[in-house]
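Trainee: I would like to learn how to read a structure like this one. Where do we start?

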Amino acid sequence: GSMHYIISYDIPDGKRRTKIAKLLEGHGIRVQYSVFECDLSPGLFAHLRRDLEYLLNLKEDNLRIYRLCADCAGQVERVGVQGFFENPASPCYLVL
């Protein structure tokens with residue numbers, strides 16, 4: 001089965017940040033400027049992680065991946081207005 005992931009990043013280099021964002025846009029929903037939510041199988045996650053590690057500069061960049069089980073993902077609360085990047089038809093999660 002698939003797993004829910006919250007992926008956030010702080011990438012100082014604009015070109016690298018754009019490449020990371022485009023890669024993540026192909027795998028999930030952008031919910032904030034540098035936060036994505038993804039629902040991925042183990043195989044897709046392994047592929048995405050490998051691609052992210054290839055693009056990252058490990059001396060400058062900070063990327064965090066939070067795994068949420070189905071029960072946890074179903075208990076996430078969303079407060080406030082919908083984010084600019086969110087698709088209203090898609091499930092949304094908020095990390096507090």
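Mentor: We start with a definition: two strands count as paired if DSSP finds at least two bridges between them. Keep in mind that this is a predicted model. In the case here, strand S1 (residues 3-10) and strand S3 (residues 35-40) are joined by six bridges and run antiparallel. As an example of residues facing each other, His4 stands opposite Asp39 in S3.

Trainee: How many bridges join S2 to S3?

Mentor: The general idea comes before the count. Strands of a sheet pair through backbone hydrogen bonds, and the pairing is either parallel or antiparallel. S2 and S3 are joined by three bridges and run antiparallel. Gln32 has Val35 in S3 as its bridge partner. Two residues lie between S2 and S3, and the two strands form a hairpin.

Trainee: In what order do the four strands form the open sheet?

Mentor: The order is S2-S3-S1-S4, with antiparallel pairing. Strand S2 (29-32) and strand S4 (62-68) are the edge strands, since each pairs on one side only. On average, neighbouring strands of this sheet are turned by 25° against each other, direction ignored.

Trainee: Which strands does helix H1 lie across, and which does helix H2 lie across?

Mentor: Helix H1 (residues 14-25) lies across S1, S2, S3 and S4, and runs at about 165° to S1. Helix H2 (residues 42-55) lies across S1, S3 and S4, and runs at about 170° to S4.

Trainee: What span is expected for H1 at 1.5 Å a residue?

Mentor: The expected value is 16 Å, and the twelve residues of H1 reach 16 Å from the first C-alpha to the last.

Trainee: Which residues of H1 are buried?

Mentor: For this step you need a cut-off: buried means under 20% relative accessible area, and exposed means over 50%. The buried residues of H1 are Arg16, Ile20, Ala21, Leu23 and Leu24. These residues are on the same side of H1 because they cover an arc of only 160° around the axis.

Trainee: What do the buried residues of H1 pack against, and which residues are exposed on the other side?

Mentor: The buried residues pack against S1, S2, S3, S4 and H2. On the other side of H1, the exposed residues are Lys15, Lys19 and Lys22.

Technical notes. Residues numbered from 1 in each chain as written. Predicted model: local features only at pLDDT ≥ 70, side-chain atom pairs only at ≥ 80, totals over all residues. Heavy atoms only, no water. Axes fitted to C-alpha atoms, helices over the stretch in contact; angles between N-to-C directions. Contact = heavy atoms within 4.5 Å. Expected span 1.5 Å × (residues − 1). Buried < 20%, exposed > 50% of the residue type's maximum accessible area, 1.4 Å probe, protein only. Arc of directions from axis to C-beta.
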